[in-house]
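Hi,

Here is the structure I promised to pass on. Have a look first, and my notes follow below.

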Amino acid sequence: MYEHMEFAKPNHVRKGMTPQESYWLEKIESEIERDKRNQRISGGCGLGFLNFVEQMKKICKLGSETKANIPCSYLFPREDPKAVAQIEKVEWSGVPKSRGSLLYLTKLFVLDTERDNGIGTNFVQEIKRIVDETGMVLFLRAESFSFSNEEGGLPYSFYNMDDLLQSWEAEKLTSNDGDMVLIEWYKRLGFLNACTHDGDIWPVKDYHKLDKQFLYVGAKNPDQDLYLNRTNESGMCAFCRNQK
Ligand SMILES: [Zn+2]
């Protein structure tokens, strides 16, 4: 997960905006036309990225609405957020249809004071519901992490969202030993282990473990088999297949 933490760059930085804001807007605008087409095809049942964002806005405050002004991040619940997820729109060149449907859950974090009270589970279930309704596909790499004030430093705790968001983009992440719990958690929530690699954009790294790579295919996605094939040995890259 760490190698993809750096944020994608926009084609053009817009006047008065940060590169990340510009990137976010580019993504939204480029999806509007595609979503309009999808809606015509699907009879208006709301497939596509723009609808995903619209649905997420109903339950989440957008990171761009906060003082910290963080794009591609969703704060849950909308009133008095306790958890935050960064979800980026990406694609796999090996699956041309993934353009417009594929999402990468870059990171998800629950305030330390809110651990173990089910808020993270609620949040992920809501994300799944919206992925189902909008026909999106979500993948992630389960790595437990905390934040630090220096590279490789000790983790510290966050008790309120404003403090957390200040560190959200600096991404001085420090891993912790919760990976097994996290892996079980995603499995219980219905995520499937899958190959998430794709050429040079999502390259294999020697530390990638198949049991940490997860995929969730939305119920209304029209090309479910293309994605679910990646959960089968035959649909995996050689590196993942050898871990079966
Ligand atoms: Zn793979």
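**What I found**

Among contacts between residues at least 6 apart in sequence in the protein chain, 57% link residues at least 24 apart (a contact means C-beta atoms, placed from the backbone, within 7 Å). Bear in mind that this is a predicted model: local features need pLDDT of at least 70, side-chain atom pairs count only at pLDDT 80 or more, and totals for chains, interfaces and linings use all residues. Residues are numbered from 1 along each chain as its sequence is written.

The chain has 7 helices and 9 strands (DSSP runs numbered from the N terminus: helices are H or I with at least four residues, strands E with at least two). Of its 244 residues, 35% are buried (buried is 20 or more other C-beta atoms within 10 Å of a residue's own, exposed is 12 or fewer, partly exposed is in between).

The largest nonpolar core holds 52 residues, and Ala 85 and Leu 138 have the most contacts inside it. Such a core is a set of buried Ala, Val, Leu, Ile, Met, Phe, Trp, Tyr and Cys residues joined through C-beta atoms within 7 Å. Strand β4 (residues 102-110) gives the most to this core, with 7 residues. Leaving aside neighbours within four places in sequence, Ala 85 touches residues including Leu 105, Leu 108 and Phe 123.

Now the loop between β2 and β3: Pro 77 sits there, and the peptide bond from Phe 76 to Pro 77 is cis, with omega near -10°. Asp 80 is in that loop too, with a positive phi of about 60° although it is not a glycine.

Cheers

How values were computed:
Two residues are in contact if their C-beta atoms, placed from the backbone, lie within 7 Å.
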